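Trainee: I would like to learn how to read a structure like this one, step by step. Could you take me through its features slowly?

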Amino acid sequence: MSQSIIQTEKLIFRYSAEEGAAPTVLDGVSLSIHPGQFVAVLGHNGSGKSTLAKHFNAILLPSGGKVYVDGIDTCDEDRLLDIRRQVGMVFQNPDNQIVASVVEEDVAFGPENLGVPSQEIRERVDAALAAVGMTEYARHAPHLLSGGQKQRVAIAGVLAMRPRCIVLDEPTAMLDPVGRKEVLDTVKRLNREQGITVVLITHHMDEAAQADRLVVMHDGHIVADDKPALVFQNVDGLRTLGLEVPEPVALLYELRQNGVDVPLTALTVDECAGVLKKLLRGVISQEQI
Amino acid sequence: MAAIIETKELTHLYSAGTPFEHTALHAVDFSADPGEYVAVIGRTGSGKSTLIQHLNGLLKPTSGQVLFDGTDIWESKERTRQVRCQVGLVFQYPEYQLFEETVYQDIAFGPKNMGLDSDEVDRRVKQSARFVGLEPGVLEKSPFDLSGGQKRRVAIAGVIAMEPQVLVLDEPTAGLDPAGSARILDNIRTYHQEKNACIILVSHSMEEVAREAERLVVIHKGTIPFSGPPAQVFAHGDELEAMGLGVPAMTRVFARLRAMGVELPASVYTIPQAREAILAALHRREER
């Protein structure tokens with residue numbers, strides 16, 4: 001168990017019912033996330049994916065089963081600060097997460113609350129802003145930044161707490177394509193260069209395709225958990241769950257439906273172009289047509 | 001065809017006369033025809049929200065004109081009021097604007113304000129609920145007991161209930177899962193077809209606008225650099241990318257293939273088009 005940064009064991013969660021039976025949002029979820037992984041979580045609205053994410057730093061506590069963060073039971077109230085130090089959360093709406101009127105003060109908010117000495121806060125804030133590429137905006141007012149920049153400030157605020165894991169709940173839902181790319185590139189860089197574990201909850205298939213591991217949630221259960229290239233091969237299965245596949249996979253799937261023998265593993269535009277080039281040059285053998 | 005909604009040299013300055021003065025729109029000529037499906041694309045801060053807020057008189061031009069059906073919407077107070085019923089605007093995240101006790105009352109709010117009698121209000125509420133695929137049983141529920149996707153459809157129904165000739169939607173699928181997005185886009189298409197309404201869809205998804213719209217209008221730094229059918233606009237791939245917009249994934253796949261010397265058409269932007277183009281290319285090779 002010590003290997004997992006986050007581990008859930010038969011996690012059950014129900015919202016407390018004011019009247020009648022409470023719906024079960026998570027129904028026996030067992031998942032273990034290892035340090036340094038980049039895990040994406042997909043699922044339709046109401047599948048339980050955000051509820052699951054909120055268990056990863058004890059915003060929600062299980063109704064049944066267990067959640068361990070670096071081996072600490074999240075129900076252990078005395079260890080709450082330790083848990084929050086390990087796992088930081090970034091939410092969908094950047095405007096709801098920014099508290100200060102100057103970028104660097106906002107980033108300093110977390111470590112100040114942890115009682116970090118002021119000299120070290122300075123170092124942490126500078127390092128966090130550099131890590132998200134926002135150093136030159138340190139003294140700017142956050143409300144004048146773009147959505148992508150605000151989300152990067154929110155990520156810097158989490159980084160300044162020096163977590164081992166960052167959980168992002170649909171961080172790009174409100175952003176334009178440039179903002180989305182800024183946030184995704186930042187997250188991938190933190191994962192690769194600093195070894196920070198990343199859990200990304202998303203509705204964007206192309207973002208999920210960039211993770212090392214893809215978990216699919218449906219009605220409070222995990223229904224798939226594998227490399228994205230493998231999960232996305234099950235095109236019909238995902239569509240039954242109200243999900244989609246990245247456009248390159250969707251095209252290759254359509255071609256297969258028309259009897260063209262192409263693999264479904266090309267997740268990106270470049271990979272897809274590579275497969276199609278081989279096909280059109282006749283390297284891949286043809287069954288029909 | 002005469003435009004149903006049109007802007008002429010529309011310029012809008014925010015905080016005019018202060019050190020924060022900022023020109024959001026520079027002499028923009030935008031127009032949409034009756035029954036047309038137009039998508040507006042642009043980065044955050046490009047001026048697209050400012051533009052659509054002029055279309056039903058929420059913002060007043062600093063200079064220039066907004067015309068509905070050929071006449072200025074600011075001609076008289078009465079005219080502005082009429083236009084607000086004829087040009088329906090669905091904001092981003094409209095589900096946060098629901099406030100009534102029941103879904104029925106929420107959808108009825110607009111038509112009631114138009115002064116319609118209760119039979120007509122009733123007909124419109126039921127028809128709009130049908131357009132957005134809400135079951136009759138949902139009408140008596142509190143809007144706050146619904147799922148995110150359902151709430152958003154209630155909010156759209158509330159605007160559709162005014163039976164606007166122009167329906168403007170600002171990122172109606174943001175934050176929804178693929179099935180939820182597909183439903184909303186279906187609802188919009190149904191309204192478009194059954195009422196022959198003009199749709200103006202603001203979206204960040206190039207794939208979405210490629211599938212849905214007949215014409216794309218690109219907004220960049222308060223001007224309209226490109227406007228035309230998707231194939232024509234997406235042919236400006238490099239310029240769009242420089243504006244932070246990009247082109248649909250299929251267009252990028254085909255651009256890569258053509259760069260590798262594979263002979264393929266340049267005007268592909270949706271999956272069905274891509275499938276047909278690849279199958280045709282395979283067929284040609286077979287014949288050789």
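Mentor: Let us begin at the end of a helix, where the backbone angles are worth a look. In this predicted model, helix 3 of chain A is followed by Gly115(A), whose phi is positive, near 75°.

Trainee: Which residues of helix 3 of chain A are buried?

Mentor: A residue counts as buried if 20 or more other C-beta atoms lie within 10 Å of its own. In helix 3, which covers residues 103–113 of chain A, the buried residues are Val103(A), Glu104(A), Asp106(A), Val107(A), Ala108(A), Gly110(A) and Pro111(A). Among the elements that cover them are helix 4 (118–131) and helix 5 (147–159) of chain A.

Trainee: How far should I trust the coordinates of chain A, and what is its average pLDDT?

Mentor: Where pLDDT is low, the predicted coordinates should not be read in detail. Chain A averages a pLDDT of 91, and 95% of its residues score at least 70. Over residues 284–289 of chain A, however, the pLDDT is below 50, although this stretch has 14 contacts in the model beyond near neighbours in sequence.

Trainee: How many helices and strands does chain A have?

Mentor: Chain A has eleven helices and ten strands. Six of the strands form an open sheet with mixed pairing, and their order is 6-7-8-3-9-10. Strand 6 (87–90) and strand 10 of chain A are the edge strands, each pairing on one side only. If direction is ignored, neighbouring strands of this sheet are turned by 20° against each other on average.

Trainee: Within that sheet, do strand 7 and strand 8 of chain A pair in the parallel or the antiparallel sense?

Mentor: To read a pair of strands, look at their directions and then at the residues that face each other. Strand 7 (residues 165–169) and strand 8 (residues 197–201) of chain A pair in the parallel sense, over five bridges, and Asp169(A) stands opposite Ile201(A). Strand 9 (residues 213–218) and strand 10 (residues 221–226) of chain A also have five bridges, but in the antiparallel sense. Here His218(A) stands opposite His221(A), and the two strands form a hairpin with two residues between them, where Asp219(A) in the turn has a positive phi of about 45°.

Trainee: Which strands of chain A does helix 5 of chain A lie across?

Mentor: Helix 5 of chain A lies across strand 6 and strand 7 of chain A, and it runs at about 165° to strand 6.

Trainee: How do I judge the overall form of chain A, and what is its radius of gyration?

Mentor: One compares the radius of gyration with the value for a compact globule of that length, which for 289 residues would be near 19 Å; chain A has 21 Å, which agrees. Along its principal axes, the C-alpha trace of chain A spans about 70 × 50 × 35 Å. Buried residues make up 51% of chain A. Among the contacts in chain A with a separation of 6 or more, 62% are between residues 24 or more positions apart.

Trainee: How many helices and strands does the secondary structure of chain B come to?

Mentor: Chain B has eleven helices and ten strands. Its radius of gyration is 21 Å, close to the 19 Å that the globule rule gives for 288 residues, so chain B is as compact as a globular protein of that length. Of these 288 residues, 47% count as buried.

Trainee: What is the order of the strands in the open sheet of chain B?

Mentor: The order of the six strands in chain B is 6-7-8-3-9-10, with mixed pairing, and the edge strands are strand 6 (87–90) and strand 10 (223–228) of chain B. Strand 3 (residues 37–41) and strand 8 (residues 198–202) of chain B run parallel and are joined by four bridges; the bridge partner of Tyr37(B) is Ile199(B).

How values were computed
Residues numbered from 1 in each chain as written. Chains lettered and ligands numbered in written order. Predicted model: local features only at pLDDT ≥ 70, side-chain atom pairs only at ≥ 80, totals over all residues. pLDDT = per-residue confidence, 0-100. Contact = placed C-beta atoms within 7 Å. Pairing = 2+ DSSP bridges. Rg over C-alpha atoms; globule rule 2.2 N^0.38 Å. Buried ≥ 20, exposed ≤ 12 C-beta atoms within 10 Å, placed from the backbone. Axes fitted to C-alpha atoms, helices over the stretch in contact; angles between N-to-C directions.
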